[in-house]
Each structure stands twice: as structure tokens, then as C-alpha cells.
Amino acid sequence: MIDLHCHLLPGVDDGPQNVDESIALAKKLVEDGVKQVVVTPHMLDGVYNVSMSQLVDGIQNLQEVLQNHSIDLQVFPGADIHINAQLVKLINEEVVPTIANNKKYILLEPDNNIWGDVVDQVVFSLQIKNITPIITHPERYHVVQEDMWCLKSLAEANVPIQVTAASICGFFGKKVQKCSRELFQNGLAHIVASDAHGVRKRPPFMTEARKMMNKWLAKDVVDDIFDVYPRKILNGEYIQLPPPQKKKRRWFFG
Ligand SMILES: [Fe+2]
């Protein structure tokens, strides 16, 4: 599997604090079935300050360390980018990275208080520059739990929406798990990623999430979510998402 969202770089954010912790998490990802991972430290969140050179050097060092430890995991640059009105400018200036430097996709984390028009405006400003944002873990926000159809305009605008594997497995509680299931069943979510932070703190859960999703959705839909879309996103290829629609009984097996 490909994991598009993971805090694997040591000592830059609230992920692994040192190389040993990164190695442990990398081993856990491989055990969990991940072969390729986009390393996505927090950026523009007002807390952590990771520069592009730190990211590029960090990725290179990390790949070497993994090879030296015979860990079969390929790492790519990326970032967990918090929403910011200047985002297009910052991407153009290469202050923040796109996924695998493909200049096509970024991970975008809205704030709990910033939804609706602000998100739509930032998304639109990116799309006219041919950059597609992937909205991260909306299932964890109260505003989405209350009314998930606030994501409808984004899904209709072909914006991929990423749910966190741990949410699907119930790690964040029943409410988040139920919201995750319904987002997928309504076509309001399209990607699963680990957003892992460490072996103990926030483990990956990718295989367990996939098993759970196979109870919720048809296999070909799950394969798109875990294999087809992540591969295309990593390669910077266009994806056409199915339009959202209210859950149909035939999709629900659990
Ligand atoms: Fe994250």
C-alpha cells in the first residue's frame, strides 16, 4: 500500500523525536503493508517551522538510514499543510512542498473553525493553478460530524477527501468511526492514509482499516481507495472521483 500522510521525519514536529523512533515507525509501516510513504510534517500550523531544506535533507537522510537497516520502504516528500490564505504564493515560492514534488497535489488540513467559504476559496485558488488539495481527516471535526454534507461542494469539485485509518478502526471513538463509515458510503471521502505519528502515540492501522472498509463497501471501491487513487496521486496523475450520493443499501454489508 501507499501511505500519503505520515509524520515519519525525526525531530521536526510531534512525530518521531529521533532517528530510532523513525526507524521503529518505518518498521511498523512495513509490517502494516506499506511500501511507499509520503513524509508529511506539519507546516504553516503556527507551531512547527519546517523549512524545505530541512525536509529535502531529512528525506534523503531517512532513506539512507532505512536502506542501512534493510527496511523496504520508499519515502517521498510532502507536508501536512494547514490552511492559509497565501497558500498559492507559498507553493509557487516553494516554501511548502507538493506531494512527491509533483506540483499536482498537496495535503490540506482545515481548521475546526474554518469551513465553508474560506475552504472553498482556498481550494478554488489552488485548482485554477492546477494544484489539487487533498482535505485531511474531516471525520475528526465536530462541524463535519454534525453535517457531513458541508463537504458536498468539495467532493463535487473533484477534491479528494482523506480519512485517517485509525478513525476507521475506532481509535478516536465511536462517533468518529461512524462518521468515517458514512463519509465513504455517501461518496464524501476517497482516500485512507495513516497520519501515523509513532509506534505508540499514533500507529498506522492501514491493514486493519482496509479489513474494516471491506465490510462497509464493495471490494472494487476499497481497491480504488487504497490502491488506485494513492498511486495516481503519488504519480501526479489526474483522478476523476465519483460524485457524492446518499448511501444505498446495496453498498452496506456491515
Ligand atoms: Fe497529519
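Two residues are in contact if their C-beta atoms, placed from the backbone, lie within 7 Å. In this predicted model, and leaving aside neighbours within four places in sequence, V39 is in contact with C6, L8, L9, I59, L62, V75, F76, P77 and G78. V39 also belongs to the largest nonpolar core, which has 72 residues. Together with L8, V37, I161 and V192, V39 is among the residues with the most contacts inside that core. Helix 10 gives the most to this core, contributing 6 residues.

Helix 10 spans residues 219–235 and has 17 residues. From its first C-alpha to its last, the helix reaches 23 Å, close to the 24 Å expected at 1.5 Å a residue. A bend of about 40° occurs at I225, and I225 is also one of the buried residues of helix 10. An α-helix has 3.6 residues a turn, so residues three or four places apart point the same way. The cover over the buried residues of helix 10 includes strands 1, 2, 4, 6 and 9 as well as helix 9. Just after helix 10, G236 adopts a positive phi of about 75°.

Positive phi values also occur in residues other than glycine. In the loop between helix 3 and strand 6, A100 has a phi near 50°. N130, in the loop between helix 4 and strand 7, has a positive phi of about 65°. N130 counts as exposed because it has 9 C-beta neighbours inside 10 Å, and the limit for an exposed residue is 12 or fewer.

How values were computed. Residues numbered from 1 in each chain as written. Predicted model: local features only at pLDDT ≥ 70, side-chain atom pairs only at ≥ 80, totals over all residues. Helix = DSSP H or I, 4+ residues; strand = E, 2+ residues; numbered from the N terminus. Expected span 1.5 Å × (residues − 1). Bend = angle between axes of the 7 residues up to and from the residue. Buried ≥ 20, exposed ≤ 12 C-beta atoms within 10 Å, placed from the backbone. Core = buried A, V, L, I, M, F, W, Y, C linked by C-beta atoms within 7 Å.
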